[in-house]
Each structure stands twice: as C-alpha cells, then as structure tokens.
Amino acid sequence: MRSIKSSFLAAAALAACIAATGAASAQTEVKIGYALAENSHYGVAAKAWAEAVEQATDGKFTFRQFPSSALGGEREVVEGLQLGTIEATIVSTGTLSNFVPAVGATDIPFLFRDLKHARDVLDGPVGQEVLPLFDDRGMVALAWGEQGFRHITNNKHPIGTPADLAGLKLRTMENPVHITAFETLGAAPTPMAWPEVIGALQQGTIDGQENPLSVIVSVKLNEVQKYLTLSGHVYSPAMLLVSKSFFDNLSDEEQQAFRDGAAKGVVAMRAFVDDVEKSGVATLKERGMQVNELSPEQKAEFQSSLKAAYQQYYEKYGKDLIDRIIATK
Ligand code: PAF
C-alpha cells in the first residue's frame, strides 16, 4: 500500500515538474509576428527589441521571429495578442485604429509636416495619451514606431492631380480614415489585407496601392508596379505591442526590460526609415520605376480636395485634437 502511495506521489511530483517546466519554457519564448521581411524597418526593430530583452533578462526570454505575415495578416496577429496566443508584434496604425479608434487621428492625410513633426507629436503628450488606451483591448502598447510617409504606386499613369485618381482601383488598408480620403479624392479605394496585395497587383484586380518607401523598397514593389508618385499624402505610424495577458505575468524588472527593448527597437526603426527616405527613390529608379513628385502646388490641390473628408475627421476625432497636432512645433 505504502509503495503504491509513494509511486503515486512520485508520479504526481514528476507531472507537476513537467508542467512547471513546460509553463516556464512556454513563457520564455516570445513569438513576434509582423507583416514585412527581416531586412525591413519592422525586421530591424524586432531584432533590436529581441536582443535588448534577451540581454537584459540573461536569456530568460528569447524572441522567435515570424516575419512576412507568417502568423497571418496584421489584423489576425493583433487578435492573437488579444487572445494571448502571440506575445508581440510591430504593426501599422492603419490596422490598429480598428481596435482603438482614437489611433485613427494619426492616420489623417496631410496632418504631419515631416518626420520630426510626427515623432515630436507621438513622443509628446498627444501620442503618450493614446498608449494606455490599448490596455482595455488586451494589449500593452510599449512605443510608437513608424514607416514613413505613404506614396502612391500604380500601373496606369503618373498621378499629378486628384483627377488622375478618378476610377483608379487603389488598394488601401482596411482603415476608415484612408478609405474616406481616397473616396473623397475620387479614386476607387479597395480595402484589402496586406498578404493579398502582391497577388492582386500581379493579377490586375487592383491598379495600385500606397505605402511608404520603407515598404515599397523592401517588398520590391517595383516588380509589380510601374509608376511611383511621391505624394507623401499621409504619415504612417506603427506601434510595438505585447499581449496584455503575457505582460501582466512579468515581474516589474521584466516589464521594464520589454519597455527599454521596445525603445531600442524604435531607434533602429527610425534610423532605417531616415535612411530609406534618403536613398529609396534612387533605388527604385535604378530598379526601373518611373517616379514623379508632387510639387507644393499639386499637394495644395490634393489638400483642398480633402476639405469634405476633414469635416468628417473633425467630427470623429475633435477639431481641438487635430489643431493640437498641427500646432505642435
Ligand atoms: O499597407 C499596409 O498594409 C501596411 O503598411 C503594411 C505594409 C502591412 C505594413 O504595416
């Protein structure tokens, strides 16, 4: 009887030990999913973030990289964070405004003057007020990253005026702010998840798309697009986020390691964007793209054509907030 009891206790202890080991090792692997390749701005940020956390925690946490939408489109990855099946991501606000609508204010066209203005707003009070809003959505937003300014590519013709967009089947993100803008400009916006975009461009179901140079260069969109118009119509922020259920189980020191690591990821990401904003046009011309840049007058025409859209943005996000962003020096 005693030996049955002690065998049972030994088996129970072993099971508990296996469970504990399993739980510990499950916690130490941080699955990070993102839409672009490891040699993109997302990839370099994810690498810097991973290295910083791994170093600060003496290897207790190791990141497992899932680049190029290997875990699904951005929406699925964000849902994975909410469910706790994916621990971390780097994702554009174009997707995030479907989860935290206030983020959409940062996607308004012609809102930011340049990268410095955008970074000052996001690192300042306006941006920092947005980060905690993710806590109620099952995520912790650790830092603002970025992609750069979005430009239009297509296979029909160069774009110089809003009239050139008439009827153009332009893929947009599944983002109400972007969709409103392109509808107002007279294009035929076709919202689509990123993993479907290259195939749709190859098959001609869409004529064009819009993304920053960081994306156009790293994805080699020149292989499926002829014309690049440097419209800079909207700044494209991104965020570094972790699952709240994962984060809440970390010690204070570990949480700080994730925060500090995310900040290092942002530094790497911004350096990448700075670089590609300077070199990207030459690279794409070398690869055969036909490039035109909107003159200040042409940009002004786009801006004035967006007046009706701005009316909607004021109603949705508040004129005060939009004015506060514009007034940031
Ligand atoms: O266009 C998009 O969907 C996004 O900019 C991308 C390329 C997935 C990066 O976040």
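## A tour of the salt bridges

Begin by selecting Glu-51, which counts as partly exposed at 44% relative accessibility (buried means under 20% relative accessible area, exposed over 50%, and partly exposed in between, with a 1.4 Å probe and protein chains only). What you have open is a predicted model, in which local features need pLDDT of at least 70 and side-chain atom pairs count only at pLDDT 80 or more, while totals for chains, interfaces and linings use all residues. Residues are numbered from 1 along each chain as its sequence is written, and side-chain values use heavy atoms, with hydrogens and water left out.

Next, select Glu-129 and Arg-324, whose side chains form a salt bridge at 3.0 Å, N to O. Glu-129 lies in helix H6 (residues 125-130) and Arg-324 in helix H14 (residues 319-327), so this pair ties together parts that are 195 residues apart in sequence. Glu-129 is partly exposed, with a relative accessible area of 46%, and Arg-324 also counts as partly exposed, at 37% relative accessibility.

Move on to helix H10, residues 244-248, which holds both Lys-244 and Asp-248, four residues apart or about one turn of the helix. Their side chains meet in a salt bridge of 2.9 Å, N to O; Lys-244 is partly exposed with a relative accessible area of 24%, and Asp-248 is partly exposed with 46%.

Finally, show the whole chain, in which a search of the structure finds twelve salt bridges. The secondary structure comes to 14 helices and nine strands, and the C-alpha atoms fill a box of roughly 90 × 45 × 30 Å along the principal axes. Of the 329 residues, 51% count as buried.

Methods. Helices (H or I, at least four residues) and strands (E, at least two) are DSSP runs, numbered from the N terminus. A salt bridge is a side-chain nitrogen of Lys or Arg within 4 Å of a carboxyl oxygen of Asp or Glu.
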